[in-house]
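Visitor: Please show me the sequence and the model, and then let us go through some of the contacts.

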Amino acid sequence: GVPASADLDALVADHAPDVAIVAPTATANGTVALEALRRGMHVLTETPIAWTVIEADQVIAAAEEAGRLVEVAEQFHRRPVEALRRRCIDEGVFGAVHTAFVDAEGHGYHGASLMRCLLSPTARVARVIGLEKKYPLADPDHPEDFQQHGLIELESGQLGVFRWSGPAYFSRVRPSEGSRFLAERG
């Protein structure tokens, strides 16, 4: 029973919504989110928040200026096990977290988001090293392995290590290892 429309002005005029769920093609997420924010709505957007970093910054700035909330729908750090880990970290159960590892828990920004959550959601990034590689596979249904590898060093000295490989989604011999971390007490 929730109204939907491809015409944002008509939707606002007819229903005066408080929240917009933004789910066009990935390249249009930022544009549509900005339009919803300009019309005074909170925004729940599909990933990614925007297609470029500049546009993502514009969406965040527009939300702050309008006093509205923006949330990206697919956030790995909100999974119950990850939320529990973060709570234990916040409560000092493990002491300071030095290094976080994220292996195939979603590609690109999903892995980076989860890694940042395990380390520190607010610490500034000092350095990023990233590589993408492609390799042939002996699988007619999946002839190519697309890999992403990354290191993120925070100004606090913490280190994030990320790896994603396309076959983790379908291969029984290359499963995801999930996320883990090294800390003062474990």
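Visitor: In strand 7, which residue is the bridge partner of valine 102?

Guide: This is a predicted model, in which local features need pLDDT of at least 70 and side-chain atom pairs count only at pLDDT 80 or more, while totals for chains, interfaces and linings use all residues. Residues are numbered from 1 along each chain as its sequence is written, and side-chain values use heavy atoms, with hydrogens and water left out. Strands (E, at least two residues) and helices (H or I, at least four) are DSSP runs numbered from the N terminus, and two strands pair if DSSP finds at least two bridges between them. Strand 4 and strand 7 pair in the parallel sense over five bridges, and the partner of valine 102 in strand 7 is phenylalanine 162.

Visitor: Which residue of strand 8 stands opposite valine 102?

Guide: Strand 4 also pairs with strand 8, in the antiparallel sense and over six bridges. The residue of strand 8 opposite valine 102 is serine 179.

Visitor: How many of the seven residues of strand 4 are buried?

Guide: Buried means under 20% relative accessible area, exposed means over 50%, and partly exposed lies in between (1.4 Å probe, protein chains only). Strand 4 is largely enclosed by the rest of the structure, because its buried residues number five of the seven.

Visitor: What is the angle between the planes of phenylalanine 94 and phenylalanine 181?

Guide: Rings of Phe, Tyr and Trp (its six-membered ring) pair if their centres lie within 6.5 Å; planes under 30 degrees apart count as stacked, over 60 as edge-to-face and the rest as tilted. A search of the whole structure finds two aromatic pairs. Phenylalanine 94 and phenylalanine 181 form an edge-to-face pair, with 5.0 Å from centre to centre and a plane angle of 80 degrees.

Visitor: How many residues apart in sequence are the parts that this pair of phenylalanine 94 and phenylalanine 181 ties together?

Guide: Phenylalanine 94 is partly exposed at 23% relative accessibility, whereas phenylalanine 181 is buried at 13%. Phenylalanine 94 lies in the loop between helix 4 and strand 4 (97–103) and phenylalanine 181 in strand 8 (residues 178–183), so the separation of the parts in residues is 87.

Visitor: How far apart are the ring centres of phenylalanine 146 and tryptophan 164?

Guide: The planes of phenylalanine 146 and tryptophan 164 are at 65 degrees, so the pair is edge-to-face, and the centres are apart by 6.0 Å. Phenylalanine 146 lies in strand 6 (residues 144–154) and tryptophan 164 in strand 7 (residues 159–165), so the pair ties together parts 18 residues apart in sequence. Phenylalanine 146 is partly exposed at 24%, and tryptophan 164 is buried at 7%. To repeat the distance between the centres: 6.0 Å.

Visitor: At what angle do the axes of helix 4 and helix 5 cross?

Guide: Axes are lines fitted to C-alpha atoms, for helices over the stretch in contact, and angles run from 0 to 180 degrees between N-to-C directions. The axes of helix 4 (residues 80–90) and helix 5 (residues 108–119) come within 9 Å and cross at roughly 25 degrees. That makes helix 4 roughly parallel to helix 5 (under 35 degrees; over 145 is roughly antiparallel, 65 to 115 roughly perpendicular and the rest oblique).

Visitor: Which residues of helix 5 do Glu82, Arg85, Arg86 and Ile89 in helix 4 meet?

Guide: Contact means heavy atoms within 4.5 Å. These four in helix 4 meet, in helix 5, Leu114, Cys117, Leu118 and Leu119.
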